[in-house]
Structures are given as C-alpha cells and as structure tokens.
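Student: I would like to learn how to read a structure like this one feature by feature. Could we take each idea in general terms and then turn to the case at hand?

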Amino acid sequence: MTDHCFHCGLPVPDAVDFPVRYREKTEATCCAGCQAVAQTIIDSGLSDYYAHRTQGARQAEALPADILQQIRLYDSEELQKSFVHQRDENSREAALILEGITCAACVWLNEQHIRQLPGVLSVDINYTSHRARVCWDNTRIRLSQILEAISAIGYRAHPYDAERQEALAQKQRKQAISRLWAAGLSMMQVMMYAVPVYLAQDGDIDPDFLWLLHWASLILTLPVMLYSAVPFYQNTWRDLKSGRVGMDTPVTIGIFTSFFASLWALINKIPHGVYFDSVSMFVFLLLGGRYLEGIARRKAGEATESLVKLIPAFAHRAANWPSSRDTEEATVAMLNAGDVILVKPGETIPGDGVVLDGNSSANESLISGESKPIAKRVGDSVIAGSVNTSSPLYVQISQTGQQTRLAGIVRLLDQALAEKPRLAVAADRFASWFVALLLLAAAGSYIAWHFIEPARALWIMVAVLVVSCPCALSLATPAALTAATGHLAALGLLTTRGHALETLARVTDVVFDKTGTLTHGDMRMREQMQLGTLPAEQALAIAAALEQASEHPLAQALRQAASTLPCPATSRLDNIPGKGVEGVVDGTTWRLGSVEFINQWLASPLTLPADWQADCTLVVLASQAGAQAVFAIGDTVRSDAIAMVARLQQRGIGVHLLSGDGANAVRYLADQLNIADWHARATPEDKLAFVGQLQQAGKRVLMVGDGINDAPVLARADVSLAMGGGTDVARASGDMVLMGDQLALIPQALALSRKTLGVIRQNLWWAAGYNLLALPLAMSGHLTPWLASLGMAASSLIVVSNALRLVKRKS
C-alpha cells in the first residue's frame, strides 16, 4: 500500500492506477468508481468540496443494472403519488432521503451539484435529518435523472420512507452502543489493574507483577484504540487531508499522545509514565457524552419528525361504494382522489377527505394543536394524520400523498429547518477558529511545562487538548432552536422561516387584521336595506354574481345568502383590492364595495344612518343610476381574542388593529378588545405604509393576517404570522402559520421565543465560561486527562439538556 484514495481515503493498492487532476496536481484514487465520482465533481466546478469536507466519502461503486432499473421506476406517475407534490402543471417537488452524508461539506456538494442540473428549480437539504426537498421542471428533467446524478457523485437518494430512515438511524445507534460498550468494558478492566498501582506504596507490589499489570492494561486498551476510537480518527484524517482542523482533531491528538507515551514508558520501564487507564476512560466518557447528546437531540426534534410518520401504510377501501360497503385492504400509495375508505375507531386517517357516512370525532392535536377531539359528521372535512376516536367513518378521499395538508406542513418545517439562523452561523464560525487556538494553547502548555516539570508536560498537554473541545459552542444555538420549533409545532404553531423565533423575541408591536384573524371570518348577512327600485332578491343576486370569484369572507357571506337565487351572467369583472369590485351584469355596469368606494363613482354621495348595524361591515351595491342596496354583514369575535390582547398589553407590547372594513365595524371591535389604535378602510398600500412607519420609528413589528390582501404586509413585517384557515397566498407569505387558529398561542409564542433566546444566551455563556475556567485549570496542571474528558462530555450534555427545557408544554 503506497497512498490513500483522494476521494474515499482508503488505501490505494500498489498495482492500481486511477489518477485524477485536482488543482494542477495528480491525485490517486483506489478504484474506477472513485475516479469517476471525483472527476465528475471536479468537472462540475465543485472541487471546493474537497477543500471543505470534514469526513471522507464512502468508496464509490458503479450502480448495478437492477438498481438503475429501480431508479427509473420512480418516474412512474402512480409511484410518485406517495412522495411527489405537483406544484403546478410542470413543476414537481419530492421528499428524498440522502445516504452517505457525513458532514456539512457533503450537504453543500449535493446542493450545488443538483442545482446545476438543467430543469432543477430548487434544492434544500436538512443536515439534521438528511431529508432533501428537490423541485424540478418535469418537462426538462426526470426524477430518475436527478437520482442518477446524485449517485454519480457517490451518494444514494431514495424517496423518504420513515421506516427505512428509522432503520438507518437504528443501525447507527447500535454501532455507537457497541463502540461505547467496548470502551466501557476495557475501562473497567484497566481500572481494576490501575487502582492497586495508584493506592500501593512504593515497593508494596513486586516489580515483575507491576509490569505484568501494565502489559495487561495495554492489551485491554487495544480494542479501544482499534475500534471504539475509530470515529475520532476518521474525522480528524479527513480534516487534515483538506487542510483544516475540526472538533475531533484535539481529541485524536490527545488519544494518540496518551497511548503512545504510555507504550513508550512501558517498553522503557518508566514506572510513572503508564496511563492506559486514562486513554480508555476518556474515550469511554467522550463516546458516552456523544451518545447521550444524540438521544437528547433526537428528543428535541421528535415533535417535528413525528409529523412525517403519521400516515399509515394501509387503508380499508370500499371499492363498490355506495352499492356495497364491503372493504378490501389497499396500500395508501394506491389511493386516488374520489376513493371511499372505511376508517375504524382508533385508526389514522390516511388522506384529506369528506365524511360520507357516520358520526364520530377526530383527534387533530398533532396537526393543529387542538387537544379536544373535533366532532365529524356527514359533509365535514377530515385531515390526513388525524385519528378517528369513537365510531366508524366512511370518507371520500380528496387529497393524498404530497397534496395533503399534513404534507404541506412537513414542507414548511423542512423549509424552516433548512435555513440557518444568524446566531447559529456566528457560533459555528467562532467554533471553527477556536480549535486552532486550542491547539496552540496545548503546544504552549507542553513547552512551558517541559521546562517546569518535564514528567507532567505531556499529560497536561493532553488535558488541555481534551478539556476545551468546542462541541458545546456549536450545539448551543441549533439545539435550542430545534427544541423550540418542535414545541411550537406540537402546540399548532408552525415556524416556516429560520429567522422567525429569533426575530419574534424582539417584537415590540403586533398589528392585527380584523376579518378572519380577530374574528372567525364566518360572515353572515344580517340585514339588507333597499335604497332604489330594484327588487331585494335581484339586488342580492347581482351582488353575489359580482363576488363569484372572490375568496374574501364578505364575498362568501353574500354568495351564501343568495345560494337559492339564480346567478346572472357577468363580464369584465375587475377587483380593486381593499375597496370593492366592478363588473357588467346584463349590460349594466355595477359596483359593489365600501361606501367610500361607491361615493367616488356617484354624482350624489350616499349617506347612511350612523347607528344602523354599527358592528357590521356595510357593503353597497350601486349602478351609475344610484345606490340600490346596502348589505350589513356581521362576524363574531374569537373567544380567546380579548384575553390574548390583554396578555400582549400586559407584556408592554403595542397592539394595533388594521382593517379594510368600515369604520363602525372596526370601532366596535376595537372597543370590545380594548385596542386604542385602530384604522378602518385600510387598503393594502395603507397597511404597508403603516407597518413601514412603525419600523421607521424603531419598532419590531409582528403582523398577523389571513387574507390575500394581507400577503404584501405579511412579507414586509419583521416577522409575520398567517392564520392556518387563511388563503394559500397568506400562508406562503407568513414566517409562522397558526394551524388551529388559536390566538392564545401568540403570547405563548412570544414568551417561548424570548425564553429560547435566553436559553441560547445561557448555553453560549456556559460554553464560553466553561472554556475560560477549564482551560486555565488544565494548563496549570489541576486537571488530569480523564477529568478533562469528563468535563468536556458534561459540557456538551448540559447545553443540550438546557435546550430540552424548551420542549416542555408549559412556556
């Protein structure tokens, strides 16, 4: 063996010649597969991967024909239903799991390589879960081509399968336990030999027996060096090959230094230089700390990851409904829109749909945060992932796979977790150069102690290397953010942007929309006032026809009131956001909207009684001949709105009400909620200007809204919250989505975000304070290597455990 493979790091046999050109140098690879992968990466302009990776890639292998054939099966429309979301006619989005990811550079390489493929629109990879979201134009590239391209650079991608992912995670956990077990057994046996040596006085143990104990300690330490500590070596070797130092570099140097110094002392029979017990002990403590840390991190993220696993694998399909209620077993992937299924009590609903028969209730707590089961009767909608709690239901499926509301929630969570907040980036940047400073400190300690007390110099250097590994610094921010995001998701508040929690903690003012936000948005027409000669039913039918294409709650109320009336034909409909609509009905031009909007058009302004339906929104129907009818449309305030506003005001947060509704209705609601600052007849431009004025005054603004008119101002605010029952545009514009429309969660979210920042600061202060305390103690000779390893493992565990406080339901 003469060299190591440039791509995977394995030894290169003497007779093998598979060279690649990298930065004007010829590098050796171990096989044709690694040569092809490395050359593909370099030719794609992605050679920086080799400069920044922290671990080597696995050995590349050519894809067998059967694997290639399996990959091409993923182009099947039927197969894609379970994991591909069709965004529009041509663009599609898939949830994939990547195998072979070992470090952040692997994530970077895959993202850059996939983005270069013609037809790929976007790609985001979550380093924590290794789950990727890939969006592509299906007319330009096929999914199988994307999967083959990923394979070409040495990785494997397949549709996300919760069971398969859990199996991979389980395999990794078993390997970690076996390494920890080997180190633990070795440590216990070596300590049995070392303790008598430490306790005995000089001369109490026969020299021959003493050296026999030392040789036995060497033999028992070999499994630790050759098996348990291998992950540290692998990480360090990849770091050094790429010209950088990583977090495991000081650990590896400490392990090697301790072992070979003890071996040298053993061979040369230096009595007080054998410390095999320290080697096995701090490897065991480091592995134990990382294993416990991994458990804690999985616990912090389990609330969000559990959403992915909600959908069952099988369903009871009623193939001959309604002529027969007999069912057959079918995989959920085979279900189509229109299929009728039987959901038995205790079973999970596999797709979005509508109840055709039965009376029951559904537990939607994992999706919306609503703890009480929700009654479900004929005609009610049900959500994929919710649990039928009491009686059988026959459900007609409307959406399956990636089209369901649950799949949309998971996409939003993936989007949020793919973004790295500013605090996390800063912590990672600091940790990267801290390692270099640590190595310099260790070298300086050795040199200084070599002149003070040479016998202790080596062990003090080892203690310095081990005690201040910056794992805690790197974990401080992501552990807290993952825990808080999971907690909010469990409550029913989805974080869809990485910066949301960080910004939410600094909010000074909250601006609310009215209809559908502070009120239910379940508008009903309470009264109709006739002003002209047009019959009341005809006026209502014209108003409903003008609003036939609108999603606004006022439009829905008019359409519902006119549901039994014939709808006249309309043309040239023109919606004026925040004001009203104009269109032609039977050759006559009509306007429907606010009093101000109508008065801009009429020769004689309309005046209405000030006390008529004061708590309602007034909508006027008029032609150029004059106003014909006024519709009073009312809404009900959400039950938790008053308490929510009071809690915000108690926290010193400014509360503002901004609505496009009439002054009377807005004033009435503001009085009910005790909101002093309210603004009526606000257009989308007015809302943008208002939020801009608050921001110019130094305020941090949270905007809460639900309608399409709110989308621009949701995007403009420092942080925005969209109601889960609002329009798709509003939800896409929001940094957070309130799935259960529970306003009481807003003060909780503000409190939790501030608590999260507090935990992050505590973690960073702890990590910094620990290093400032531990490093001088180690350099001054007050810490032994095993105590140093215990301190380092405990430091990381404390940081993650502190973050787990954010998982608790009470905030």
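Student: How many salt bridges does a search of the whole structure find?

Tutor: Please keep in mind throughout that this is a predicted model. As for the general idea, side chains of opposite charge can pair when their charged atoms come close. Here, a search of the whole structure finds 5 salt bridges. One of these joins the side chains of Glu328 and Arg317, with an N to O distance of 3.2 Å. This pair links distant parts of the chain, since Glu328 belongs to strand β11 (residues 328-331) and Arg317 to strand β10 (residues 314-317), 11 residues apart.

Student: Is Arg317 buried or exposed, and how does Glu328 count by its accessibility?

Tutor: The general idea is to compare the relative accessible area with two limits, because under 20% counts as buried and over 50% as exposed, with partly exposed in between. Arg317, with a relative accessible area of 15%, is therefore buried, whereas Glu328, at 35%, counts as partly exposed.

Student: Which salt bridge involves Lys687, and which parts does the pair tie together?

Tutor: The side chain of Lys687 meets that of Asp513 in a salt bridge, at 3.5 Å from N to O. Asp513 lies in the loop between β20 (509-512) and α18 (514-518), and Lys687 lies in helix α24 (residues 684-696), so the pair ties together parts that are 174 residues apart in sequence. Asp513 is buried, with a relative accessible area of 7%, and Lys687 also counts as buried, at 5% relative accessibility.

Student: How far is Lys687 from Gly660, in sequence and in space?

Tutor: Lys687 and Gly660 are 27 residues apart in sequence, and their C-alpha atoms are 9.1 Å apart in space. A further case is Leu493 with Asp741, where a separation of 248 residues in sequence goes with a C-alpha to C-alpha distance of 8.9 Å. Leu493 itself is found in strand β19 (residues 493-495), and at 0% relative accessibility it counts as buried.

Student: Where is Asp586 found, and is it buried or exposed?

Tutor: Asp586 is found in the loop between β23 (580-585) and β24 (588-593), and its relative accessible area of 66% makes it exposed. Asp586 and Thr570 are 16 residues apart in sequence, while their C-alpha atoms are 7.2 Å apart in space.

Student: What is the N to O distance in the salt bridge of Glu582 and Arg591?

Tutor: The side chains of Glu582 and Arg591 meet at 2.7 Å, N to O. Glu582 counts as partly exposed at 23% relative accessibility, and Arg591 is buried, with a relative accessible area of 14%. Elsewhere, salt bridges that share partners join Arg317, Glu328 and Asp339 into one network.

Student: At roughly what angle do the axes of α8 and α10 cross?

Tutor: The axes of helix α8 (residues 207-228) and helix α10 (residues 249-267) cross at roughly 150 degrees and come within 11 Å. Angles over 145 degrees count as roughly antiparallel, so α8 is roughly antiparallel to α10. The crossing of α8 and α10 is left-handed.

Student: Which residues make the nonpolar surface patch of about 350 Å²?

Tutor: This nonpolar patch is made by Trp181, Leu185 and Met188. Leu185 is found in helix α7 (residues 162-199), and at 40% relative accessibility Leu185 counts as partly exposed.

Conventions:
Residues numbered from 1 in each chain as written. Predicted model: local features only at pLDDT ≥ 70, side-chain atom pairs only at ≥ 80, totals over all residues. Heavy atoms only, no water. Patch = residues over 30% accessible without salt bridge, like charges linked within 9 Å, V, L, I, M, F, W, Y side chains within 5 Å. Areas by Shrake-Rupley, 256 points an atom, 1.4 Å probe, with all protein chains shown as cover. Salt bridge = Lys/Arg side-chain N within 4 Å of Asp/Glu carboxyl O. Helix = DSSP H or I, 4+ residues; strand = E, 2+ residues; numbered from the N terminus. Buried < 20%, exposed > 50% of the residue type's maximum accessible area, 1.4 Å probe, protein only. Axes fitted to C-alpha atoms, helices over the stretch in contact; angles between N-to-C directions. Parallel < 35°, antiparallel > 145°, perpendicular 65-115°, else oblique. Left-handed = near helix turned anticlockwise from the far one by under 90°.
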